[in-house]
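My entries follow in the order in which I checked them.

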Amino acid sequence: QVRLVESGGGLVQAGGSLRLSCAASGNIVRINTMSWQRQAPGKYPELVASISPGGRTYYLDSVKGRFTVSRNDANNTVSLQMNSLKPEDTAVYYCAAQVLTGDVGTVDSRGQGTQVTVSS
């Protein structure tokens with residue numbers, strides 16, 4: 001089993017910053033793409049950012065220039081630095097990863113989520 005645990009969410013005023021972190025644990029051989037998704041109330045989930053093992057990144061257009069995704073393969077973590085936050089960034093943020101395990105092959109795993117609320 002692979003477990004992803006997010007931390008770092010909270011309440012912040014518009015224009016502020018938050019840093020989300022996610023730690024993966026379990027029978028991990030290698031982690032492929034790691035990503036951050038979010039879902040606001042009444043809306044579909046959306047992919048916010050992702051990072052490949054080689055460091056190639058993807059960003060949702062609305063967060064480009066404000067969010068930065070990074071990973072540390074030595075300790076199986078991925079982070080999302082969020083600057084210049086806007087009320088429309090309010091959502092539950094989920095960490096996700098495709099993980100090659102030592103027992104059940106490749107699995108897609110997602111954390112429980114962390115709430116980010118941006119007040120205007």
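This is a predicted model: local features need pLDDT of at least 70, side-chain atom pairs count only at pLDDT 80 or more; totals for chains, interfaces and linings use all residues.

Residues are numbered from 1 along each chain as its sequence is written, and side-chain values use heavy atoms, with hydrogens and water left out.

**Entry: salt bridges**

I searched the whole structure and found five salt bridges. As background, side chains of opposite charge can pair when their charged atoms come close.

I looked at D89 and R38, whose side chains meet in a salt bridge at 3.0 Å, N to O. This pair links distant parts of the chain: D89 lies in the loop between β8 and β9, R38 in strand β4 (residues 28–39), and 51 residues separate them.

Are D89 and R38 buried or exposed? I took buried as under 20% relative accessible area, exposed as over 50% and partly exposed as in between, with a 1.4 Å probe and protein chains only. D89 has a relative accessible area of 1%, so D89 is buried. R38 is buried as well, at 5%. I then noted that R38, E46, R66 and D89 are linked in a network of salt bridges.

I also looked up K64, which forms a salt bridge with D61; the closest N and O atoms are 3.0 Å apart. D61 is exposed, because its relative accessible area is 60%.

**Entry: D73**

Where is D73 placed? I found D73 in the loop between β7 (67–72) and β8 (77–82). D73 forms a salt bridge with R71, with the closest N and O atoms 2.8 Å apart. The side chains of D73 and R71 are also listed as joined by a polar contact of 2.8 Å. A polar contact here is a pair of N or O atoms within 3.5 Å; within protein, one must be able to donate a hydrogen and the other to accept it, and residues adjacent in sequence count only if both atoms are side-chain atoms.

R71 has 17% relative accessibility and therefore counts as buried, whereas D73, at 43%, counts as partly exposed. I checked D73 against Q1 too: they are 72 residues apart in sequence and 18 Å apart in space, C-alpha to C-alpha.

**Entry: cysteines**

How many disulfides does the structure hold? I found one disulfide, taking the term as a pair of cysteine sulfur atoms within 2.5 Å. C22 and C95 form the disulfide, with their sulfur atoms 2.1 Å apart. The pair links distant parts of the chain, C22 in strand β3 and C95 in strand β9 (residues 91–101), 73 residues apart. The torsion about the S-S bond of C22 and C95 is about -75°, so I recorded the disulfide as left-handed. C22 is buried at 2% relative accessible area, and C95 counts as buried at 0%.

**Entry: strand β1**

Last, I looked at strand β1 (residues 2–7). Its covered face holds V2, L4 and E6, and its uncovered face R3, V5 and S7. In a regular strand the side chains alternate between the two faces of the sheet.

Six bridges join β1 to strand β3 (residues 18–26), and the two run antiparallel; strands pair if DSSP finds at least two bridges between them. I noted G26 in β3 as the bridge partner of V2.

How values were computed. Helices (H or I, at least four residues) and strands (E, at least two) are DSSP runs, numbered from the N terminus. A salt bridge is a side-chain nitrogen of Lys or Arg within 4 Å of a carboxyl oxygen of Asp or Glu.
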